[in-house]
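Morning, everyone. Please put the model up on the screen, and we'll walk through it together.

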Amino acid sequence: MLHVLTVHFLSPRWIEIQTRHLREHVSVPYETWTSLEKIDAGYGERFDHVIEQRGRHPGKLNHLATEVAHEAPDDDLLMFLDGDAFPIADPMPLIEDGLSRAPLVAVRRAENVEDPQPHPCFCVTSVGAWRELRGDWSGGYSWPGHRGRLVTDVGGNLLRALELSGTPWVQVLRSNGVELDPLFFGIYGDVIYHHGAGFRAGELSRAALDRAPRPIRSLVLPAPLRRRVNMRRRRAWERRTQAGYLAHSERIHAAISRGGSDWLELVR
Amino acid sequence: MLHVVSVHFSSPRWIEIQARHLRRHIPVPYMTWTSLEGIDPSWGEHFDRVFEQRGRHPGKLNHLAMEIAHEFPAEDLLMFLDGDAFPVADPMPLIEQSLSRAPLLAVRRAENVDQPQPHPCFCVTTIGAWRELPGDWSGGPTWPGARGIRVTDVGGHLLRTMELKGLPWVQVLRSNKVDLDPLHFAVYGDVVYHHGAGFRAGDLSGVHSDNGPPRVQIPGAGPLNRLINRRRWVRWERAMERHHLEQSEQVYRRIAAGGDEWLRELI
């Protein structure tokens with residue numbers, strides 16, 4: 001049995017889309033596990049198991065995995081899937097091939113300033129391997145990110161657990177271009193679409209921030225004026241980037257909602 | 001060996017106090033493990049091991065515990081201790097007695113709207129038990145909090161894991177004789193002091209919110225009632241935060257000055 005673990009928060013806008021694509025593309029028996037904080041409980045009927053949760057995304061995923069592992073045998077599969085992610089082709093060949101080579105298969109968002117860690121927008125492992133690893137989606141363990149600053153993110157502690165136990169993992173990388181956005185609207189391994197920041201309006205990713213205009217260092221301008229000019233340029237750039245992202249996001253979401261697969265042309 | 005796991009964030013103000021109390025009250029060999037995000041690295045000399053970490057408190061604790069479990073044997077002890085918590089008496093009798101009855105002992109902040117979960121302001125277990133559980137300080141699972149609203153908090157997932165496995169734990173409860181505040185400035189089991197919200201300015205907890213002003217309903221005022229209640233709540237919240245900060249500073253100054261006078265007034 002495959003257990004799909006996905007957290008929806010605040011908005012139900014991805015639920016119908018995600019469940020439709022799961023029905024269409026997952027070729028083995030599966031059960032869906034979710035929590036629906038701040039979403040009408042009526043949406044619960046789209047899932048096999050709905051668990052009451054509050055708090056942050058990594059803790060919710062850890063908790064769902066604990067509930068599954070309590071009921072399921074070691075050889076069942078866990079598929080972590082972000083609420084705004086879904087399969088666009090049968091993922092089982094990729095999963096079977098990946099798990100024949102390593103105990104865990106996951107997206108690595110290398111396009112996000114070389115993020116090194118597994119990402120829960122798509123990650124598959126067995127219940128037994130998750131138990132063995134003592135899987136944990138929390139951040140904590142850190143690495144150099146945007147402009148060399150230390151960062152952590154969801155999946156950081158899982159990466160460290162893999163490193164310390166010498167466990168290999170199969171990285172599923174972005175397979176579409178980054179013309180629309182350096183991070184969002186990603187297709188991974190040609191099988192999973194991840195809209196990105198689907199539950200947060202207009203956040204800027206580290207990949208986007210890495211493209212931010214560099215501050216002007218001209219000595220012609222006095223320092224206070226230079227600071228003000230740089231701040232204004234930066235804010236204007238942030239507003240432009242966020243507006244562009246939101247416009248693309250709405251256009252693509254509307255196209256996906258209409259059904260069919262024509263929308264894929266927008267992101268390929 | 002006892003491994004003290006403690007995260008300090010943004011301010012070094014509790015480091016010397018915590019280190020001093022550990023030296024004074026821990027009679028067994030111990031090592032201290034920490035991360036010091038936003039703190040000058042020179043403070044690292046107060047600890048045996050310092051890790052680079054970012055992110056939130058539960059993930060940092062999970063990561064430190066993972067590093068320790070990778071290096072040390074299953075029978076070694078893990079002591080999770082909040083950055084603004086420290087022993088005020090030898091904790092070993094309590095630890096030894098509790099671990100003879102259950103694999104984990106921890107503070108339960110029952111005074112915070114009857115919170116059910118273990119809290120990392122003070123929690124001790126063995127490396128083996130932490131691995132076996134496996135331990136995780138994240139929130140996620142919920143319970144009814146202030147005004148019946150469902151909440152989670154650090155330790156929620158650990159509680160659920162123990163429930164699912166049917167594992168008992170020993171709860172270390174608040175033992176103050178004098179309560180300056182319903183939650184903060186707490187002594188637990190007569191051995192650990194927890195200042196509370198030591199790294200955040202004036203945060204309000206469930207028990208504080210539970211004592212907030214009751215809603216008023218003026219007949220005929222219609223939607224104005226919402227506005228009135230909102231204003232009353234914000235005014236009350238600000239006053240409480242100011243009061244907490246002042247009280248926190250007073251108690252902190254007395255602890256920092258040394259001696260036990262401040263403690264005698266609480267227990």
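Start with helix H7 (residues 223-257) of chain A. Its buried residues pack against helix H1 (15-25) of chain A. Those buried residues are A:Tyr245, A:Ser249 and A:Ile256. Buried means that 20 or more other C-beta atoms lie within 10 Å of the residue's own; 12 or fewer is exposed, in between is partly exposed, and C-beta atoms are placed from the backbone. Helices here are DSSP runs of H or I with at least four residues, strands are runs of E with at least two, and both are numbered from the N terminus.

Two notes on the source. This is a predicted model, where local features need pLDDT of at least 70, side-chain atom pairs count only at pLDDT 80 or more, and totals for chains, interfaces and linings use all residues. Residues are numbered from 1 along each chain as its sequence is written, and chains are lettered from A and ligands numbered from 1 in the order in which they are written.

Back to H7(A). How far apart are its end C-alpha atoms? They are 50 Å apart, which agrees with the 51 Å that 35 residues should span at 1.5 Å a residue. The expected span is 1.5 Å times one less than the number of residues. Just after H7(A), A:Gly259 takes a positive phi of about 95°.

Now chain B. It has eight helices and 12 strands. Its radius of gyration is 20 Å, close to the 18 Å that the globule rule gives for 267 residues, so chain B is as compact as a globular protein of that length. That radius is taken over C-alpha atoms, and the rule is 2.2 Å times the number of residues to the power 0.38. Buried residues make up 41% of chain B.

Next, where the chains meet. The contact takes 27 residues from chain B and 27 residues from chain A. Two residues are in contact if their C-beta atoms, placed from the backbone, lie within 7 Å. On the side of chain B, H2(B) gives the largest share, seven residues. H2(B) has 15 residues and reaches 22 Å from first C-alpha to last, close to the expected 21 Å. Its buried residues include B:Leu61, B:Leu64 and B:Ala69.

Look at H2(A) and H5(B). Their axes come within 10 Å and cross at roughly 5°. Axes are lines fitted to C-alpha atoms, for helices over the stretch in contact, and angles run from 0 to 180 degrees between N-to-C directions. H2(A) and H5(B) are therefore roughly parallel to each other. The cut-offs: under 35 degrees is roughly parallel, over 145 roughly antiparallel, 65 to 115 roughly perpendicular, and the rest oblique. Among the residues making this contact are A:His63 of H2(A) and B:Arg160 of H5(B).

Last, some backbone details. Most residues other than glycine have a negative phi, and most peptide bonds are trans. Which bond is cis? The one joining B:Leu133 and B:Pro134, with omega about -15°. B:Pro134 lies in the loop between helix H4 and strand E8 of chain B. A:Phe185 is not a glycine, yet its phi is positive, near 55°. Is A:Phe185 buried or exposed? Buried, with 21 other C-beta atoms within 10 Å. B:Asp190 has a positive phi of about 60°. B:Asp190 is partly exposed, with 13 other C-beta atoms within 10 Å.
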